[in-house]
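Subject: Structure handover

Hello,

Here is the structure I promised you. Please open it next to this email and follow along.

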Amino acid sequence: MAGICILGATGTIGLNTLDVIGQHPEQYQVIALTANQNVERLLQLCIKWSPRYAVMVEPDAAEQLAYRLKALNSDVTVLSGVEGLVKVAQLPDVDKVMAAIVGGAGLLPTLAAAQAGKTVLLANKEALVMSGHLFMQAIRDTGATLLPIDSEHNAIFQCMPAQFQQVGDLAQLGVHKILLTASGGPFRKTPLEQLGEVTPEQACAHPNWKMGQKISVDSATMMNKGLEVIEACWLFNTTTDFIDVVLHPQSIIHSLVAYVDGSVLAQLGNPDMRTPIAHALAYPKRISAGVEPLNLIEIARLEFEPIVDGRFPCLQLAYEAMRIGGTATTILNAANEIAVQAFLERRIRFTQIPRLIENTLAHIPAKTVTCLDDVLADDTQARLWATTWLDKLQSPF
């Protein structure tokens, strides 16, 4: 029975992971569950799953959770803060760590799991965006196993040659191109002149996927796809020149790998995150995910569109940051997190998100990454600069 730690248990990925685990209780044991500050939801999960540890990032929330669990005579040990996250990610009886904390907050515990040699189920793309070199080095040094959870990267993983992790050079394996598919989000066909007036509610209404607010806005700006390009470069040891993005509004083909002989391999499935979660949980075996089988007759046709220049500036900013290298992707990610939160709070317009990111990238020079402190320093500096930029703006609404 495999011991599971879920970092970010109350989010969409965390809950879907528990759903899959619940279908196979003889194979998995929940050792630790973590959340930021949602005491009520984590309490209910603790009651249902009886983990040995529960972690709340916010200390006050941890106190509340501990008090309520004690009143129920629960023997769940409650920890708090980043230190608590790191501890449960490295527990000896944890075999697999689902890294599903959103944003840069997930970096340290996810890196800790890699350093402990765990099987890391990576749903937190920022761990690679912020510290790709350090993270992949930790995977190599400890012999940890890294399995992608993002539907696109999981699809690519399934379409790659079996030996790609050992060889490391995709060209030697006959790979010509990685094709990342993107739905285009809710504003794929919205006239550009109208984008400045869209609301957070509209941006969060993704046409295909049920996701949290931050990742939904990232999907609407296509920054999510930009972060996926960066993540793919690290996961598959390649460069941005090897990766193209194509619009596929139906989200049925999750990504493709093109080979030099003209073959193109694709992974298809209904848009349900339980599929990649089940694949990674059981890898290299296959288990039921509770997902409806894909009915090609009902789908009838698959549609694809090119990326139109100027519609998704955040995607281009991500490509540029990866080409610059060093801490440029850290700066990009930090500025984006500040910008998205400001948009959700109606402090800036949708079209000002890429402006803030571009301004921050231009102001803070990227540095070579030699240690984690380099990453954390530029992450902090980028957030401070982006916040200062925001404070100078008048409310757009």
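Which residue in β6 is the bridge partner of Met-98? The bridge partner is Leu-121. Keep in mind that this is a predicted model. Now for the surroundings of that pair.

**The sheet**

Four bridges join β5 (residues 96-99) to β6 (residues 119-122). These two strands run parallel. They belong to an open sheet of seven strands, with parallel pairing. Read across, the order is β4-β3-β2-β1-β5-β6-β7. The edges are β4 (77-80) and β7 (145-148). Each edge strand pairs on one side only. On average, neighbouring strands of the sheet are turned by 20° against each other, with direction ignored.

A helix packs on this sheet: α4, residues 81-89. Helix α4 touches β1 (2-7), β2 (28-35), β3 (53-56), β4 and β5. The direction of α4 makes about 125° with that of β4.

**Two helix pairs**

Start with α1 (residues 12-22) and α12 (residues 274-282). They pack at an angle of about 60°, and their axes are 9 Å apart. Angles from 65 to 115 degrees would count as roughly perpendicular, and those under 35 as roughly parallel. The angle here therefore makes α1 oblique to α12. Their crossing is right-handed.

Who meets whom? On the α1 side are Ile-13, Asn-16, Thr-17, Asp-19, Val-20 and Ile-21. On the α12 side are Arg-274, Ile-277, Ala-278 and Leu-281. By class, this contact has six nonpolar, two polar and two charged residues.

Next come α14 (residues 313-324) and α15 (residues 328-344). Their angle is about 150°, with the axes 7 Å apart. Over 145 degrees counts as roughly antiparallel, so α14 is roughly antiparallel to α15. From α14, the residues in the contact are Leu-317, Ala-318, Ala-321, Met-322 and Ile-324. They meet Ala-328, Thr-329 and Leu-332 in α15. Seven residues of this contact are nonpolar and one is polar. None is charged.

**The whole chain**

How many helices and strands does the protein chain have? There are 17 helices and eleven strands. The radius of gyration is 21 Å, close to the 21 Å that the globule rule gives for 397 residues, so the chain is as compact as a globular protein of that length. Along its principal axes, the C-alpha trace spans about 60 × 55 × 45 Å.

Best wishes

Note on methods:
Residues numbered from 1 in each chain as written. Predicted model: local features only at pLDDT ≥ 70, side-chain atom pairs only at ≥ 80, totals over all residues. Heavy atoms only, no water. Axes fitted to C-alpha atoms, helices over the stretch in contact; angles between N-to-C directions. Left-handed = near helix turned anticlockwise from the far one by under 90°. Contact = heavy atoms within 4.5 Å. Nonpolar A, V, L, I, M, F, W, Y, C, P; charged D, E, K, R; others polar. Pairing = 2+ DSSP bridges. Rg over C-alpha atoms; globule rule 2.2 N^0.38 Å.
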